[in-house]
There are 2 protein chains.
Amino acid sequence: MAVYSKILLAVDLSEESDQLIEKTRAIAQNNQASVTVLHVIEPLSFAYGGDVPMDLTTVQNQLDEHARTKLSVFSEKLNYPVESQQVITGHTESEIHHMAEEKGCDLIVVGSHGRHGLALLLGSTANSVLHGAPCDVLAIRVYEPEK
Amino acid sequence: MAVYSKILLAVDLSEESDQLIEKTRAIAQNNQASVTVLHVIEPLSFAYGGDVPMDLTTVQNQLDEHARTKLSVFSEKLNYPVESQQVITGHTESEIHHMAEEKGCDLIVVGSHGRHGLALLLGSTANSVLHGAPCDVLAIRVYEPEK
C-alpha cells in the first residue's frame with residue numbers, strides 16, 4: 001500500500017548524503033512516489049554581509065554553480081526518476097518547508113547525525129526541519145565517514 | 001524492497017495517537033516488519049517528588065494500569081501483529097532510545113505536532129527522540145482534533 005506519493009529529499013551534499021540514496025530509492029519505489037531533490041545554500045551575506053560592504057555575487061554564483069553540478073551527480077547516483085532538482089539560496093529549513101508545500105509533498109527525507117549533548121544546542125538540520133514541517137519527516141541516521 | 005525490519009512505534013496515547021495507526025500499519029506491511037508499541041510514563045516523582053516526602057507508589061501503579069489498558073486498546077486498533085507492547089516508566093526519549101537499541105529496531109515512529117516558535121523552545125517529543133536516536137526516525141505529522 002502506498003503511504004507517500006511525493007517525496008522531497010533534502011541533501012546538504014556532504015559525503016554523508018550518499019547514505020540517503022538506497023533507502024530513499026527503496027521507499028520511492030515501494031510507494032511509486034515522485035522525488036524532488038533539493039539543496040539549499042545559505043547566502044554568504046547571512047554570514048559575512050551587513051557590516052562590510054562587499055559584492056558577494058560572483059562568489060555566490062560560483063557556489064550555486066558548484067552545488068548544481070554536485071546535485072546533478074547525486075541525482076544520477078539515486079538512479080530513480082527525479083521529478084525535479086532544485087538548488088535554492090535561503091534559510092535551509094524555511095526553503096525545505098516552502099518547497100514541500102509548493103510541491104505538495106507528503107514526506108520530507110533528511111539526513112540526521114543523531115547528535116546529542118552540545119551538538120543538540122548547536123542545532124541540526126533534521127531538527128529544524130521537523131519543526132513546522134507541513135508533512136511527515138523521515139530522518140535517516142547517517143554516520144561520519146571514517147577518516 | 002524492504003527498508004525496515006523492526007519498527008518501534010512510540011505513542012503518548014493522546015487522541016492524536018490514532019493518527020499514527022494507518023501509516024504505521026501500511027509501512028509495517030510493506031516492509032513485513034515486526035512492530036513493538038511503546039508508551040513511556042514520566043514518573044510522578046520527576047514532577048512532584050523530592051521536596052515533599054510522599055509515597056506516590058499507589059498513584060503511579062494506577063497510572064501504569066490505566067496506560068496498559070489504553071495501550072492494549074491502541075494495539076488492537078493497529079490491526080497488525082504486535083510483537084510486544086511495552087509500558088515503561090522513565091524519561092521519554094531515553095526509554096525510546098533504550099528500547100530501540102534493546103530490540104534492534106531500525107525505525108522509530110513518533111507523532112509530531114509540527115510546532116514551531118515558542119512551542120519549539122518548550123520542546124517536543126519528536127525532536128528529543130531524534131537526537132541521539134540509534135536508528136532512523138519517522139515523525140508523522142499529527143493534527144489536534146477539532147474541539
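Which residues touch the most other members of the largest nonpolar core?

**View 1. The largest nonpolar core of the predicted model.** In this predicted model, A:Leu138 and B:Leu138 touch the most other members of the largest nonpolar core, which holds 52 residues. A nonpolar core is here a set of buried Ala, Val, Leu, Ile, Met, Phe, Trp, Tyr and Cys residues joined through side-chain atoms within 4.5 Å, where buried means under 20% relative accessible area with a 1.4 Å probe and protein chains only. A second, separate core of 36 residues includes A:Cys105, B:Ala10, B:Ile96 and B:Leu130.

**View 2. The surroundings of B:Leu138.** Leaving aside residues up to four places away in sequence, B:Leu138 touches (heavy atoms within 4.5 Å) residues of chain A, including A:Tyr4, A:Leu107 and A:Leu138, and residues of chain B, among them B:Ile27, B:Leu107 and B:Val110.

**View 3. The axis relating the two chains.** After least-squares superposition on the C-alpha atoms of residues with pLDDT of at least 70 in both copies, chain B is laid on chain A with an RMSD of 0.0 Å by a turn of 180° and a shift of 0.0 Å along the axis. The two copies are thus related as by a two-fold rotation axis, and in chain B the C-alpha nearest this axis, at 2.1 Å, is that of B:Leu138.

**Notes.** Residues are numbered from 1 along each chain as its sequence is written, and chains are lettered from A in the order in which they are written. Local features need pLDDT of at least 70 and side-chain atom pairs count only at pLDDT 80 or more, whereas totals for chains, interfaces and linings use all residues, and side-chain values use heavy atoms, with hydrogens and water left out.

Technical notes. Buried means under 20% relative accessible area, exposed over 50%, partly exposed in between (1.4 Å probe, protein chains only).
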